[in-house]
Amino acid sequence: MTSHSEKYSSYLSDHDPDAGLVLDAHGAILAANRAANRLADSEPALVLPTNTGALITACLRQQRAISGVESRFSRAILLWTFIPEPGAGVVIARGRDATEEIRALDEATRSSRLYRLITENTTDLISRHAPDGRFIDATPASWRLLGYWPEELRGKRLEEVFQVNQAEARLEDVRNRLRDDGYATLTLEIRHRDGSKRWFEIASRAIRETYTGSVVEVISVSRDITARVESEEHNRRLAAELAHTTRLATLGELASSIAHEMNQPLATIVNFASASQRYLKQSREHPECLDRVEDGLQRITHHANRASEVIKRLRAFLSKGQKRTAPVQVNELVSNAARLCQWDCDKHGIDILQQLCASDPVITADPMLLEQVLINLIRNAVDANLEARQPGNGEPPERHSTITLTTCVNREQETLIVVTDQGTGLDEQGRRQMFTPFYTSKPQGIGLGLSMSRSIIEGFGGFLDAYPADTGGLQMICRFPPSTNKNKAVIAPENC
């Protein structure tokens, strides 16, 4: 680019780092400095602002400079200043390279707009805190979640805003974790300014000083999880109600077994009471009969205590109160479940074979719920054995069958409770479907027993699954991980 007239070159300097042009009243370039020529060489499409003509007219008529006019190139952004020279009737245009400045400003503007969009519309509370917990700033969500506007929160202590029991101890623990780890989470029940209680899930991160590493600020994101907590609590109550209803239904199914359990000690008590009465009448003539009376009273006491234990066990099984986990002796629990189902098995000619681990495994679980699971599995095994003996299955209906109850600790230190039947078994698809809620192959079944049983076992950290058995039926295996097994290493028997 070369000037049209040497006389206009005096308005420009080749030492000026900014592009300089001399323009006539119509916008034609009369002269250019070295910086402008270099820019024209690198940018052939060098153009002045679109409204250059109007700007020149305004400069000359109003006799004032106009600055900050933007012109964008493919690789550069210039900010132009138009300076009038009224005596010569020309305008000097100086273009400053502001590419990095404007792009940084654009990015900051976009970031600011995005930040404002997030902070003003997010449903979570984003807040800044001093190391001692005092609020520095907060997003507008504070009004909905806490009942305070951001400007009201500034300078307030967390304990003052949250109004929770033992807040100081819990928040002090969070501060220690922020200091040591730089990150902490907390689930807290807080009190809203209007007095209502709410549950918060709070995630906090520490901002540290560059050189010393000390915490200078804390950024927190708080989420209202009240609806989720209430839903979980509702589901827990519903599960407890359903479990209680299931236990009541099981009571009806176990009526024969209960009658048998109670009938044996009561019948024995009646027999010994009658015999003792007879011996007592004979004692005047035969004093040695008093020894028989004493022995009979001892036996009556023993069997009365046994009947009492049966009642206690059944009452505990049917109790509706909150369930508690505790150390459970697996062998004893399996024997109790087998005893409850014994009469039903005897009635159908089914033997219960117990193969109990010599080490007597102990796990952590709710004994009543676990006993309920085992009773359900045993009764399913009874149904499977009976179905295999129906006409058309190739076996006479009089055939006796066996249900095997096994306990062991395998090489992986898992405690196993195995219920094995001699039924017809299921294919792979059937074994997958049997744990689906409301799926059942029984005409009178509702399909909740196995799905609930699996949920109960999973609640103790274990797992319930079905496998083909060597007997042709199924093996129902309750597997409890080492974390719930308090036993030392045991060599597992072959059936584990």
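In which loop is D360 found? D360 lies in the loop between β12 (350-355) and β13 (362-365). The model described here is predicted.

**The chain as a whole**

The chain holds 14 helices and 17 strands. Of its 496 residues, 41% are buried. Contacts between residues at least 6 apart in sequence can be sorted by separation, and 56% of them join residues at least 24 apart. The accessible surface of the chain is about 28100 Å². Carbon and sulfur atoms account for 51% of that surface.

**Helix α12**

Helix α12 covers residues 367-388, which makes 22 residues. From its first C-alpha to its last, α12 reaches 32 Å, close to the 32 Å expected at 1.5 Å a residue. In α12, 16 of the 22 residues are buried, so the helix is largely enclosed by the rest of the structure.

Most residues other than glycine have a negative phi. D360 has a positive phi although it is not a glycine, and Q413 likewise has a positive phi without being a glycine.

| Residue | Phi | Loop |
|---|---|---|
| D360 | about 50 degrees | between β12 (350-355) and β13 (362-365) |
| Q413 | about 65 degrees | between β14 (401-409) and β15 (415-420) |

Is D360 buried, partly exposed or exposed? D360 has a relative accessible area of 26%. Buried means under 20% and exposed means over 50%, so a value in between counts as partly exposed. D360 is therefore partly exposed.

Key. Residues are numbered from 1 along each chain as its sequence is written. This is a predicted model: local features need pLDDT of at least 70, side-chain atom pairs count only at pLDDT 80 or more; totals for chains, interfaces and linings use all residues. Side-chain values use heavy atoms; hydrogens and water are left out. Helices (H or I, at least four residues) and strands (E, at least two) are DSSP runs, numbered from the N terminus. The expected span of a helix is 1.5 Å times one less than its number of residues. Buried means under 20% relative accessible area, exposed over 50%, partly exposed in between (1.4 Å probe, protein chains only). Contact means heavy atoms within 4.5 Å. Accessible areas come from the Shrake-Rupley method with a 1.4 Å probe; for residues, only the protein chains shown count as cover.
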